[in-house]
Amino acid sequence: MIGVVRQFRSFDRPIQLLQINQVGINLGFYMLMPYLAHHLATGAGLAAWAIGLILGLRNMSQQGMFLVGGSLSDRLGYKPMIMMGCALRTVGFALFGLTTSLPLLVLAALLTGFAGALFNPAARAYLACEAGERKVAAFAVFNVFYQGGILLGPLVGVALLSVGFTAVCLSAAAIFAALTVLQGRYLPKRRVLAGDERQPVLHDWKRAFSDRAFLSFATAMIASYGLSYQMYLGLPLEVQRVGGGDGGVTALYALSALLGIAGQVRLTAWCAARWTRGQAISRGLALMGLAFAPLAVAGRLPLPPPWSMLPAITCTILLTLGTLIAFPFEMATIADMAGDRLIGTYYGVYNLLSGVGILAGNLLAGAMVDVARSSGWANLPWLLLAAAGLASAAAVRRLEHRNRLAILHAAPH
């Protein structure tokens with residue numbers, strides 16, 4: 001942690017504020033969202049289809065609107081979009097705690113999701129611009145704060161549940177309100193596109209979608225998001241199958257977050273001193289794929305308790321380490337490919353494609369789990385996920401070798 005503090009203090013105030021903003025965003029989000037479905041079922045008395053609608057609309061309004069949020073941040077400025085996103089999430093989270101009306105809950109879901117589509121691309125674009133040549137190091141510290149919010153959020157949320165779900169929602173809303181004020185008061189404005197620099201929005205989108213190097217990289221990375229999201233689908237199902245229960249699932253989340261907090265900065269510095277960006281990304285992806293090998297082996301050679309949790313724990317460690325290796329270099333590469341003018345738009349497109357990867361990964365993993373249960377091929381889902389990770393790593397490596405992504409050959413920094 002000393003290294004993290006040293007790195008954090010080495011950055012200028014805007015970057016420090018963005019790091020603090022991110023831990024606050026994840027703290028507020030994760031103290032509420034893990035308990036929302038249960039509240040909607042028991043507290044609001046909604047049917048299962050209505051709960052699915054609300055949760056689905058929240059995700060769709062975020063993933064589907066990333067491109068809009070990114071373009072707005074390029075045109076109106078990063079700071080206004082960060083503030084607007086935090087303000088909208090304040091309203092959305094407050095509504096979740098103050099109403100049981102289905103139309104208002106749908107509105108809360110839409111506001112909460114669109115808020116993320118506004119501040120996520122804007123915050124990453126601001127960080128990339130402000131960090132300059134230190135993008136990789138800045139995103140490494142960013143991920144430490146990101147993981148810190150994930151670790152603390154559920155703990156704070158479950159403590160507040162003793163008071164009531166309304167207290168959880170209003171507390172989360174208060175965090176986002178405070179972040180809105182903090183960013184408004186202390187975050188400097190960055191230059192936005194002048195009138196003579198602006199092209200029609202469709203022109204900006206066309207540029208991003210016709211950038212073959214960028215799209216090749218984004219497509220190669222899609223599988224990584226399907227893999228990383230197995231922390232919320234495949235791994236919990238596996239833990240429940242081997243009898244780990246909710247406590248086992250919570251332990252895996254805590255393990256992943258602690259690895260990120262303790263190891264991200266040091267691991268990134270080690271990789272940057274030895275590898276190019278492309279090498280770091282491809283090797284991180286390969287490790288993410290290999291993370292599922294222990295589960296594939298355990299599917300053929302089941303372990304007795306208490307060793308039955310060992311494959312899931314090993315998978316979590318390797319999957320997290322692979323993500324920690326790839327993430328800072330991945331974020332820095334996207335910003336450099338976008339240039340100075342359309343960083344928000346490029347992050348928006350990238351997040352949109354990442355959402356496709358998450359959806360496809362969940363559909364594939366869920367379908368394969370069902371097939372495995374009916375056919376007895378218990379290792380099938382994990383073999384396919386491992387293959388997807390290795391194929392993604394090979395794709396990035398091939399792009400680098402063919403010089404399709406010249407930026408990946410830049411000296412690491």
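This report describes helix packing, salt bridges and the surroundings of selected residues in a predicted model.

**Helix packing**

Two packed helices are described by the angle between their axes and the distance between the axes. Helix 2 (residues 13–30) and helix 6 (residues 78–98) have axes that come within 12 Å and cross at roughly 20°. Helix 2 is therefore roughly parallel to helix 6, since angles under 35 degrees count as roughly parallel. In passing helix 6, helix 2 makes a left-handed crossing.

Helix 5 (residues 66–76) packs against helix 10 (residues 201–210) at an angle of about 115°, and their axes are 11 Å apart. These two helices, helix 5 and helix 10, are therefore roughly perpendicular to each other. Their crossing, that of helix 5 and helix 10, is right-handed.

**Salt bridges**

The count of salt bridges comes to 4. Among them are the pairs in the table.

| Arginine 75 | Aspartate 204 | 2.9 Å |

The salt bridge between aspartate 204 and arginine 75 links distant parts of the chain, with aspartate 204 in helix 10 and arginine 75 in helix 5, 129 residues apart. Both aspartate 204 and arginine 75 are buried.

Arginine 241 and glutamate 238 both belong to helix 12 (residues 234–241), where they lie 3 residues apart, about one turn of the helix. Arginine 241 counts as exposed because its relative accessibility is 52%, and exposed means over 50%. Glutamate 238, at 9% relative accessibility, counts as buried.

With 1% relative accessibility, arginine 277 counts as buried, whereas aspartate 336, with 27%, counts as partly exposed. Salt bridges that share partners join Lys135, Arg277 and Asp336 into one network.

**Individual residues and a surface patch**

Alanine 50 is part of helix 4 (residues 48–63) and is buried, with a relative accessible area of 2%. Its C-alpha atom is separated by 27 Å from that of alanine 159, which is 109 residues away along the chain.

Valine 156 is found in helix 8 (residues 135–160). This residue, valine 156, is partly exposed, with a relative accessible area of 33%. Together with Leu152 and Leu155, Val156 makes a nonpolar surface patch of about 250 Å².

Notes:
Residues are numbered from 1 along each chain as its sequence is written. This is a predicted model: local features need pLDDT of at least 70, side-chain atom pairs count only at pLDDT 80 or more; totals for chains, interfaces and linings use all residues. Side-chain values use heavy atoms; hydrogens and water are left out. Helices (H or I, at least four residues) and strands (E, at least two) are DSSP runs, numbered from the N terminus. Buried means under 20% relative accessible area, exposed over 50%, partly exposed in between (1.4 Å probe, protein chains only). Patches are made of residues with over 30% relative accessible area and no salt bridge: like charges are joined within 9 Å, nonpolar side chains (Val, Leu, Ile, Met, Phe, Trp, Tyr) within 5 Å. Accessible areas come from the Shrake-Rupley method with a 1.4 Å probe; for residues, only the protein chains shown count as cover. A salt bridge is a side-chain nitrogen of Lys or Arg within 4 Å of a carboxyl oxygen of Asp or Glu. Axes are lines fitted to C-alpha atoms, for helices over the stretch in contact, and angles run from 0 to 180 degrees between N-to-C directions. Angles under 35 degrees count as roughly parallel, over 145 as roughly antiparallel, 65 to 115 as roughly perpendicular and the rest as oblique. A crossing is left-handed if the near helix is turned anticlockwise from the far one by less than a right angle, and right-handed if clockwise.
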